[in-house]
Amino acid sequence: MKKIALFDAKPYDKEYFDKLNTKYEIEYFENKLTAKTAQLARGFDGVCAFVNDDIDKAAIDTLYDGGVRVLAMRCAGYSNVDFKAAFGKINVVRVPAYSPNGVAEHAMALLQTLNRKIHKAYNRTRDFNFSLVGLTGINLHGKTVGVIGTGKIGQAFIDICRGYGMRVIAYDLYPAKDKGIEYVDLDTLLRESDVISLHCPLTEQTHHILDREAFQKMKKGAFIVNTSRGALIDSKELLNALNNETIRGAGLDVYEEEANLFFEDFSGTMIRDDVLALLVSRPNVILTSHQAFLTEEALENIAETTLQNLDAFFDDEELVNEVCYQCVDGKGKVQCKEEGKKRCF
Ligand code: NAI
């Protein structure tokens, strides 16, 4: 029986993997996968990792020396993997889509909580404070939403926004065809949008796509929603934009320095991240800790696809969900599979 080391394991991961796994001896490690913890996987055939693991060259080399030949990411994003280091040694597979609707629904939940001040109302009514003062929101109907990145999640979010009667404009390096989406350049999107929602991956091009200049170009009073990756936004500039009331509020499921914080309970600890502390203290910022994906359907899809990816690897079948540094062009795998190969290497 092949042995799999599953890192950053949470009770909900274990529940779904245990339910669906019939073939593998899975050992669950609570530790994140890093250069230091990679040695725990010595003697294992494969590892399974998640979004905030730090799979750099040193981690890859240690895994490879220990006998690991496949890295199964149980997520869609892969900006935390050193693909160049892995190439030729460890095949990297992922779960390209496990909950596009779930993530898009969470983005809208963040937006509407922020807009209609549900978080404030919840606290007030629990204290029998039935005042409405300070709870005024805006109608989304008729407003313009600017969607950056119109892949699976972006399109699901667009569908929801259309249901609200919003005008949708979008920016994407690779516009989707035949979807009836009105594409504009980034400056136009920033200038015209009442709501800006980020749904592109984190790449060199998209790092701090919302920086000081971008905030200056925005329509005054826009809402920002980010369920993609924290480093798409320069957090200090976000704070400035909130402070000078350029923007109305921010709904964030991700944060650029989240890696050592999110998914863990620090309620009894002093958090030494002033930007984060200032962000969460603002009434017009809603922060959730990378939970947009977290639905029953997504957890089942993640476990199912990850186990299928492992089956394909060990049965020497085509790795349809493989990614390597040559594939990564912002659109996911393209070149390697076009050459008709079963695997990237
Ligand atoms: P996708 O690959 O289907 O779509 C991404 C879109 O971004 C593509 O249309 C691509 O052309 C576009 N894009 C790439 N580079 C761009 C650029 N420089 N400027 C504008 N657009 C660009 O990905 P999917 O499944 O829609 O996921 C989007 C992101 O959502 C992921 O990269 C991941 O970071 C994040 N995510 C977050 C989750 C959460 O729980 N918060 C869960 C799953 C994904």
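You're looking at a predicted model, where local features need pLDDT of at least 70, side-chain atom pairs count only at pLDDT 80 or more, and totals for chains, interfaces and linings use all residues. Residues are numbered from 1 along each chain as its sequence is written, and side-chain values use heavy atoms, with hydrogens and water left out.

**Stop 1: two helix pairs**

Axes here are lines fitted to C-alpha atoms, for helices over the stretch in contact, and angles run from 0 to 180 degrees between N-to-C directions.

Next, select H1 (11-20) and H11 (296-314), which pack at about 55 degrees with axes 9 Å apart. H1 and H11 also come out as oblique, and H1 passes H11 in a right-handed crossing.

**Stop 2**

Which residues are closest to the centre of the second largest pocket? Select Val51, Asn52, Asn80, Glu256 and Ala259, from a lining of 21 residues. On a 1 Å grid over the protein atoms alone, a pocket is an open set of points with protein on both sides within 12 Å along at least five of seven lines; a cavity is a set where a 1.4 Å probe fits but cannot get out, and lining residues have an atom within 4 Å of a point. Colour by domain now: domain 1 (2-98 + 296-314) and domain 2 (100-287) both give residues to the lining, so this pocket lies between them. The domain bounds come from an automatic or database domain assignment.

**Stop 3**

How many cavities of 30 Å³ or more does the structure hold? There are two. For the largest cavity, show Gly230, Ile233, Ser235, Leu238, Leu252, Val254, Tyr255 and Leu279.

For the second largest cavity, the lining includes Phe83, Ala86, Cys324 and Phe345. Helix H3 (83-86) and strand E5 (91-93) each give two or more residues to that lining.

Terms used. Grid points are joined across faces, edges and corners, and a volume is the space filled by probe spheres set on the points. Helices (H or I, at least four residues) and strands (E, at least two) are DSSP runs, numbered from the N terminus. Angles under 35 degrees count as roughly parallel, over 145 as roughly antiparallel, 65 to 115 as roughly perpendicular and the rest as oblique. A crossing is left-handed if the near helix is turned anticlockwise from the far one by less than a right angle, and right-handed if clockwise.
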